[in-house]
Amino acid sequence: MKRRTLASLGLLFLPLAALGHHSFAATFDLSRVLELEGEVTRVFWRNPHIGLTLRTMDDSGAVAVWNLESQSLSVLRRMDITDPFFAVGDTVKVAGYPARRAADGLFVTHMLLPSGEEFVFQFGAAPAALRWSDRAWGDTGGWFVDSGDTSEPERGLFRAWATTLAGGEGFFWRESYPLTDAARDALAAFDPYADDPITNCAPKGMPAIMSQPYPLDFVDQGDTITLRLEEYDTVRTIHVDDAAGVDEPSPSLLGHSVGHWEDSALVVQTTGVDWGHFDAAGIPLSTDVEFLERFTPSDDGSRLDYELTILDATTFTEPLVLRKAWVSLPDVRVAPYECTIDG
């Protein structure tokens with residue numbers, strides 16, 4: 001077994017897991033890239049992360065077993081990968097970020113397969129750099145389409161939509177926020193290990209769920225609109241127009257949503273959210289938070305623009321406006337997520 005620690009060559013694109021399932025930089029050391037070579041002894045093909053165990057042996061004959069993870073099934077599906085491409089008994093070489101607290105953990109960014117082809121889990125708009133081979137396997141281009149299907153513009157909002165990373169519009173997170181002193185204190189006290197709200201497949205609440213990078217769709221139910229999001233198999237119910245008069249239920253992760261139409265745009269007001277988090281990285285939200293959303297499909301049906309305004313004077317010193325976009329693709333659907341806890 002060969003094992004060496006290398007200086008990071010720079011991030012092509014932070015793994016989507018970094019934005020989806022835990023505080024990535026707090027969990028893995030992005031300043032180092034570790035290489036391992038060994039035999040695959042177990043394969044985990046599941047959400048929120050695929051995984052494998054790798055049996056290695058160093059030059060002295062000492063054996064070690066490593067627990068490795070990488071992107072989600074939902075990410076790989078967008079790359080036209082539905083089945084495992086490595087198996088128990090395969091000898092593979094991997095590179096990735098070592099875990100900060102688990103001596104045997106690694107987030108895999110590159111894998112050299114027995115065929116001599118190299119798979120890159122970490123990708124960006126530019127072609128990904130290979131480490132060991134001149135034969136790449138897998139296509140990340142599906143994540144960077146910048147135009148959608150225009151064949152059915154009459155469907156408007158009611159279709160499946162896919163996240164595009166083209167132009168940096170795939171996520172609405174910012175590097176900084178207009179936080180109140182109380183929010184800054186809460187953020188400073190946040191422990192990414194003890195306080196992470198989405199460990200062990202715990203679902204996301206509003207607004208974090210709306211930045212999920214996987215497909216979503218809208219279904220017209222008459223008095224309500226069902227918004228389905230692939231991550232955590234989430235379902236939001238939006239009461240429309242006169243149906244908004246129903247009694248507001250008890251506070252919940254997703255809250256109570258009431259919508260109305262402004263031309264082709266669906267405008268949604270959501271209250272009664274008690275998740276208590278803006279994201280999974282420590283910024284809190286009060287139970288008085290209010291969300292105003294605008295979903296605007298393009299005239300040709302190829303694109304969906306999204307604007308989210310967050311009103312919470314306890315956390316933000318001013319209304320916070322976030323934006324992202326999706327595209328309509330004929331082969332995209334909301335698939336079962338079926339998050340599985342390690343074990």
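A residue counts as buried when its relative accessible area is under 20%. In this predicted model, phenylalanine 85 has a relative accessible area of 14%, so it is buried. Tryptophan 137, at 30% relative accessibility, is partly exposed.

The model holds 20 aromatic pairs. In one of them, the ring centres of phenylalanine 85 and tryptophan 137 are 5.0 Å apart and the planes stand at 50°, so this pair is tilted. Phenylalanine 85 sits in the loop between helix 3 (73-77) and strand 5 (91-98), and tryptophan 137 in strand 8 (residues 136-137), so that the pair links parts of the chain 52 residues apart.

Another pair joins phenylalanine 218 and phenylalanine 295, with centres 5.2 Å apart and planes at 75°, which makes it edge-to-face. Phenylalanine 218 belongs to strand 10 (residues 216-220) and phenylalanine 295 to strand 15 (residues 290-297), 77 residues apart in sequence. Phenylalanine 218 is buried at 3%, and phenylalanine 295 is buried at 0%. Both belong to one aromatic cluster, whose members also include Trp173, Tyr306 and Trp326.

The largest nonpolar core has 69 residues, and Met210 and Phe295 touch the most other members. Strand 16 (residues 303-311) contributes the most to this core, 4 residues. Apart from it lies another core of 8 residues, including Phe24 and Leu30.

Threonine 163, in strand 9 (residues 160-163), is buried with a relative accessible area of 0%. A polar atom of its side chain lies 3.1 Å from the backbone oxygen of proline 213, and its side chain makes a polar contact with that of tryptophan 326 at 3.5 Å. Threonine 163 also touches Arg78 and Trp143, among others. The charged end of arginine 78 sits over the ring of tryptophan 143, 4.8 Å from its centre.

Definitions and conventions: Residues are numbered from 1 along each chain as its sequence is written. This is a predicted model: local features need pLDDT of at least 70, side-chain atom pairs count only at pLDDT 80 or more; totals for chains, interfaces and linings use all residues. Side-chain values use heavy atoms; hydrogens and water are left out. A nonpolar core is a set of buried Ala, Val, Leu, Ile, Met, Phe, Trp, Tyr and Cys residues joined through side-chain atoms within 4.5 Å. Buried means under 20% relative accessible area, exposed over 50%, partly exposed in between (1.4 Å probe, protein chains only). Helices (H or I, at least four residues) and strands (E, at least two) are DSSP runs, numbered from the N terminus. A polar contact is a pair of N or O atoms within 3.5 Å; within protein, one must be able to donate a hydrogen and the other to accept it, and residues adjacent in sequence count only if both atoms are side-chain atoms. Contact means heavy atoms within 4.5 Å. Rings of Phe, Tyr and Trp (its six-membered ring) pair if their centres lie within 6.5 Å; planes under 30 degrees apart count as stacked, over 60 as edge-to-face and the rest as tilted. A charge sits over a ring if NZ of Lys or CZ of Arg is within 6 Å of the ring centre and within 35 degrees of the ring normal. Lists of a residue's contacts leave out its neighbours within four places in sequence.
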